[in-house]
Amino acid sequence: MKKNKLLLISGAFALLASVPAMAEDLIIGLATAQTGGLAPYDQPNLAGLQMKIDEINAAGGIAGKFPIQTIIKDTRSDSAQTALVAQELVDAGAQLIITPCDADPSIAAGMITQSAGIPAISFCATTPTLPLAVGNYMFSNYPADNVQAAMLAAHAVESGYTTAYILTSPDSAYTLKLPQYFGEAFTAKGGTLLGEGTFSMGQQDFGAEVTKLAAMDPKPDVIMTSAYEPDFPAFVRQLRGAGVTTPILGSDGIDSPTTFGLGDLVEGVVFSTAGHATAGSPLEAFNVKWTEKTGAAPDTIYIANGYDLGLIIEAAVTAADSLDPAAIRDGIANLENLQGVTGPITYKGTIGMPLRSVSLVRIKAGDRELVAQGQPDPADIPAP
């Protein structure tokens, strides 16, 4: 059976040749968005993961005996296509499958992998109910929405904000639930929601919402949304263009070069993310290594997040000492305090969403300024 092998060249993945899989190769299927709205998130993750895979293979494979081969297929950021791709990867013999950075396509893929008894991990889907929607073979690799929301709510209260407005979209679990989790955590701490607006993903027309916000009296102390590209840039441009200067809280989806390219429009925006490179931290060391290898500093946390996924896979297969998918699943489920470059990662005792720290970052003069880092009090985290 032939498997596709890819090489990372100048940040892009080029198909080289079909090579036969060895008996002891770990075959990882990647159902990822190379095109469409999720590509700005899946592709940096894929780049970081590929770096770790290259390091593992250069050392003779996982535990020195399990080289990794990858089969990479484009989901086109579409849930139906993701399901088709997942089935193709299962049929091709994948023992582990990576799914996109969103719950909806990950659930579509997970329905295939769960019935096949093959573990699946989303690059960075954050919906806390993702594993519950699929089953015990489904995992994610990012701090959950309700955890991020609790951190953002605590920051809002500590900043003296007493009122808030949330902007949601029903088009995805991420854009709907994360702001609602924020509202729940914020009101539990004594804050007041002045309203909830909605938008359609991809519309890039926020005229009605901006008009409403401009006319509010009193205006909210802060606006919270989990809109991401291309919606977040469009919203910020239109909001600031209307003269509304209300502070904005965002989530991990805006940790991208596009956001930072907005300049003064996003000055002061605080968002949640999976890590921030403090002095002497593993993430700082990783960023140096990435820069030395590629010639450019990492421009998003998703690169390190993908590298961490490689560490998770390595640790799980090492613990399993087997390429049996069920054993790999058990290996992931029992990981505890694995030191990732973004911080410790634990799956043991969870339902498939990892325990990971959250960083709150403020955009300041085009750079990232750390606001807070850690995990919220479990009592402050809204139920999934």
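The largest pocket in this predicted model has a volume of about 340 Å³. Of the 16 residues that line this pocket, N146, V147, P354, L355 and I381 are the closest to its centre. The structure also holds one disulfide, and the largest cavity has a volume of about 130 Å³.

**Largest pocket**
- The lining of the largest pocket comprises twelve nonpolar residues, three polar residues and one charged residue.

**Cavity**
- The model has one cavity of 30 Å³ or more.
- The largest cavity is lined by 14 residues. Nearest its centre lie C101, D102, C124, Y174 and D252.
- By class, nine residues of the cavity lining are nonpolar, three are polar and two are charged.

**Disulfide**
- C101 and C124 are joined by a disulfide, with an S to S distance of 1.8 Å.
- The torsion about the S-S bond of C101 and C124 is about 120 degrees, so this disulfide is right-handed.
- C101 sits in the loop between strand 5 (96-99) and helix 3 (103-116), while C124 sits in the loop between strand 6 (120-122) and helix 4 (130-134); the pair therefore ties together parts that are 23 residues apart in sequence.
- C101 and C124 are both buried, and both are among the residues nearest the centre of the largest cavity.

**Strand 15 and its partners**
- Strand 15 spans residues 358-364, and because five of its seven residues are buried, the strand is largely enclosed by the rest of the structure.
- Strand 15 pairs with strand 12 (residues 270-273) in the antiparallel sense, over four bridges. In strand 15, V361 stands opposite F271.
- Strand 15 is also joined to strand 16 (residues 367-374) by seven bridges, and these two strands run antiparallel. In strand 16, G374 stands opposite V358.
- Strand 15 and strand 16 form a hairpin with two residues between the strands. In this hairpin, A365 takes a positive phi near 50 degrees.

How values were computed
Residues numbered from 1 in each chain as written. Predicted model: local features only at pLDDT ≥ 70, side-chain atom pairs only at ≥ 80, totals over all residues. Heavy atoms only, no water. 1 Å grid on protein atoms, 1.4 Å probe; cavity = no way out; pocket = protein on both sides within 12 Å on 5 of 7 lines; lining within 4 Å. Points joined across faces, edges and corners; volume = space filled by probe spheres on them. Nonpolar A, V, L, I, M, F, W, Y, C, P; charged D, E, K, R; others polar. Disulfide = S-S within 2.5 Å. Buried < 20%, exposed > 50% of the residue type's maximum accessible area, 1.4 Å probe, protein only. Pairing = 2+ DSSP bridges.
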